[in-house]
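Open the structure in your viewer and keep the selection panel handy. The stops below follow one another.

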Amino acid sequence: MSVTDWYEIIEKHKPILLIESDKIVFYPSEGDGLVQPQKLTDTKTFFVSAVSHELFTPVTAIIGLVQMAKDGIYVQETLQKIEKHALKMQRILEQLVVLSKVEKEDFVPNLTELNLETLIKEILEEFKGRIEEKNLSFSINTRGLIKVDREAFKIALRNLISNAVKYSPHGGEIKIHFEKNVLSIEDRGVGIPESELKNVTARFYRASNVRTVPGSGLGLAIVKHILRRFNIVWAIHSKLNQGTKVFIKIERIDQSK
Ligand SMILES: Nc1ncnc2c1ncn2[C@@H]1O[C@H](COP(=O)(O)OP(=O)(O)OP(=O)(O)O)[C@@H](O)[C@H]1O
Ligand SMILES: [Mg+2]
């Protein structure tokens with residue numbers, strides 16, 4: 001895909017938030033459209049405080065549930081709940097480990113060629129339970145080879161797919177397509193109010209229309225940190241009550257399409 005095509009996406013999908021390695025730009029812009037320069041220095045404090053806060057909830061729940069199990073109360077159900085909280089903790093810690101790795105000055109990415117579709121399917125498998133509960137349908141067309149750091153890229157994609165699943169209505173449709181050199185993840189969910197779109201990659205930020213949906217507001221901040229490390233440009237387009245599209249510019253190494 002040529003540069004022009006990427007700009008076509010921006011032109012076609014306003015309002016759009018474009019995130020490059022060291023800047024975030026909002027179109028349509030007022031003034032120069034620059035939203036905020038990215039802070040590079042505060043990562044450690046940011047994640048230490050965010051993650052300790054995030055871990056508190058599952059740990060506290062597990063302690064309570066273990067007590068119930070010991071008392072012989074609904075043992076099977078209790079164990080299942082414990083497992084759910086433990087898996088949540090595992091995912092948080094996994095994100096943290098990868099983040100601290102990619103943020104290191106001397107980080108050497110482990111670039112491997114991989115099949116995007118296989119990776120997407122692996123991630124969707126993790127969300128199987130929620131996808132079935134919500135009866136979501138998918139249109140997936142992501143065949144193609146890319147060269148990325150698998151571990152880090154998977155975490156970024158997982159956060160984006162998690163949002164598409166979480167903010168879709170019951171029976172919603174999610175499209176994940178890889179065309180030319182752009183991967184897009186599209187849902188028809190609650191969307192983001194236009195005036196708040198520029199804030200969504202800031203840590204802990206949650207839009208005013210999702211207060212009833214659980215979340216910590218960390219997912220997109222993590223995506224931003226990871227993709228920045230690999231100089232991957234991405235963008236978010238959203239319309240309230242219509243849906244959200246995320247575009248990621250990533251070169252396909254098999255030029256079949
Ligand atoms: N696909 C989407 N549809 C609607 N709103 C979204 C979508 N993706 C992100 N948002 C908005 O951006 C906010 C920030 O997203 P982010 O993924 O960082 O946090 P979160 O989903 O609230 O929590 P978590 O840390 O569990 O991911 C969300 O709270 C929501 O308001
Ligand atoms: Mg999220």
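In which loop is Asn231 found? Select Asn231: it is in the loop between α7 and β9 (234-239). Helices (H or I, at least four residues) and strands (E, at least two) are DSSP runs, numbered from the N terminus. Check the backbone there: Asn231 has a positive phi of about 55°, although it is not a glycine.

Two notes on conventions. This is a predicted model, where local features need pLDDT of at least 70 and side-chain atom pairs count only at pLDDT 80 or more, while totals for chains, interfaces and linings use all residues. Residues are numbered from 1 along each chain as its sequence is written, chains are lettered from A and ligands numbered from 1 in the order in which they are written, and side-chain values use heavy atoms, with hydrogens and water left out.

**Stop: a helix pair**

Select α3 (residues 75-103) and α7 (residues 219-229). Their axes come within 10 Å and cross at roughly 35°. Axes here are lines fitted to C-alpha atoms, for helices over the stretch in contact, and angles run from 0 to 180 degrees between N-to-C directions. The α3 and α7 crossing is left-handed, meaning that the near helix is turned anticlockwise from the far one by less than a right angle.

Now show side chains. From α3, pick Gln95, Leu99, Val102 and Glu103; from α7, pick Ile222, His225, Ile226, Arg228 and Arg229. These residues make the contact (heavy atoms within 4.5 Å). They divide into four nonpolar, two polar and three charged. Ala, Val, Leu, Ile, Met, Phe, Trp, Tyr, Cys and Pro count as nonpolar, Asp, Glu, Lys and Arg as charged, and the others, Gly among them, as polar.

**Stop: ligand 1**

Center on ligand 1. Around it are 19 residues, each with a heavy atom within 4 Å. Tyr167, Asp187, Arg206, Ser216 and Leu220 come nearest. The shell divides into nine nonpolar, seven polar and three charged residues.

Next, display polar contacts (pairs of N or O atoms within 3.5 Å). An oxygen atom of ligand 1 is 2.8 Å from an N or O atom in the side chain of Tyr167. For the Lys166 side chain, the distance from a ligand oxygen to an N or O atom is 3.2 Å. A polar backbone atom of Gly219 is 3.2 Å from an oxygen of ligand 1. Taken alone, ligand 1 exposes 600 Å², and the protein buries 93% of that (Shrake-Rupley method, 1.4 Å probe). Color α6 (150-166) and α7: these elements give two or more residues to the shell.

**Stop: backbone details**

Select Lys14 and Pro15. A cis peptide bond joins them, with omega about 5°. Pro15 is in the loop between α1 (3-12) and β1 (16-19).

Conventions:
A polar contact is a pair of N or O atoms within 3.5 Å; within protein, one must be able to donate a hydrogen and the other to accept it, and residues adjacent in sequence count only if both atoms are side-chain atoms.
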